[in-house]
Amino acid sequence: MKILITGASRGIGLELVRQALKRGDSVFAVARKPESSKGLTDLKAEFGEKLHLVGMDVRSNEAPQKIAAVVGNSLDILINNAGILLEGVSVDDFLESFRVNSVAPFVITQALLPALKNSSQPRVIQITSKMGSIADCTSGGHYVYRASKAALNMINKCLSRDNPWLSTIVIHPGWVQTDMGGQSAPTTPEESAQGIWKVALELKLAQSGQFFEFTGKELPW
């Protein structure tokens, strides 16, 4: 399969790349500075032409078109994994979070729709968070992050309705031992990536638009 993954330099994104390459897939790994990621450069040395390193900031206005040009005419799976968690509540914090967590996944997906349409089983996986669930918000706080992920959830629901040929879902990766999640998190990147891949590879068109946990459990909106 031909796969593109954003936010691929570390954490969950890097592990998603690693597991896809080990399955024999061809992977486009998007990161701001992929050459600065030892994980990616090690994988490039091991897998060679199976791994395509794409240096691109998803916040850039040119990113969608440039990514689409690199991918070419066909793509089987897109994983929008790049994201940020800001603790502040300033206007700039909101705008930056929405730009990365909500807008970038939308415009990148839009740019890659023609390539995805040429796949026999096209899938888009949006990495969201349970913190974007309105029904699950019992603790409050984290206004910026919660709002940007709730927006991503709505964007994906609309994408599923407007593109009935496409399987597109949002998935909560768990509380993961990454720079964002911290080392006290209960889930390793390997476990999270394995779960995400299981959901992605078993995804049916009838499930498009749904909200999943990496375990495969459906989550409330």
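Predicted model: local features only at pLDDT ≥ 70, side-chain atom pairs only at ≥ 80, totals over all residues.
How many bridges join strand β1 (residues 2-6) to β2?

**View 1. The open sheet, strand by strand.** Seven strands line up here in the order β3-β2-β1-β4-β5-β6-β7, with parallel pairing. Look to β3 and β7 (211-213) for the edges, since each of these pairs on one side only. Going from one strand to the next, the twist averages 20°. As a reminder, strands of a sheet pair through backbone hydrogen bonds, either parallel or antiparallel.

**View 2. Where β1 meets β2.** Back to the opening question: five bridges join β1 to β2, and the two strands run parallel. To get your bearings, find Ile3, whose bridge partner in β2 is Val27.

**View 3. From β2 over to β3.** Strand β2 (residues 26-31) also runs parallel to strand β3 (residues 51-55), and five bridges join this pair. Val30 sits opposite Val54 in β3. To get from β2 to β3, the chain passes through helix α2 (residues 38-47), making a right-handed β-α-β crossover.

View 4. Val89 belongs to the loop between β4 (77-80) and α4 (91-117). Is this valine buried or exposed? Val89 counts as exposed because its relative accessibility is 55%, and the cut-off for that label is over 50%.

Key. Residues numbered from 1 in each chain as written. Heavy atoms only, no water. Helix = DSSP H or I, 4+ residues; strand = E, 2+ residues; numbered from the N terminus. Buried < 20%, exposed > 50% of the residue type's maximum accessible area, 1.4 Å probe, protein only. Pairing = 2+ DSSP bridges. Right-handed = clockwise from strand over helix to strand, strands pointing away. Axes fitted to C-alpha atoms, helices over the stretch in contact; angles between N-to-C directions.
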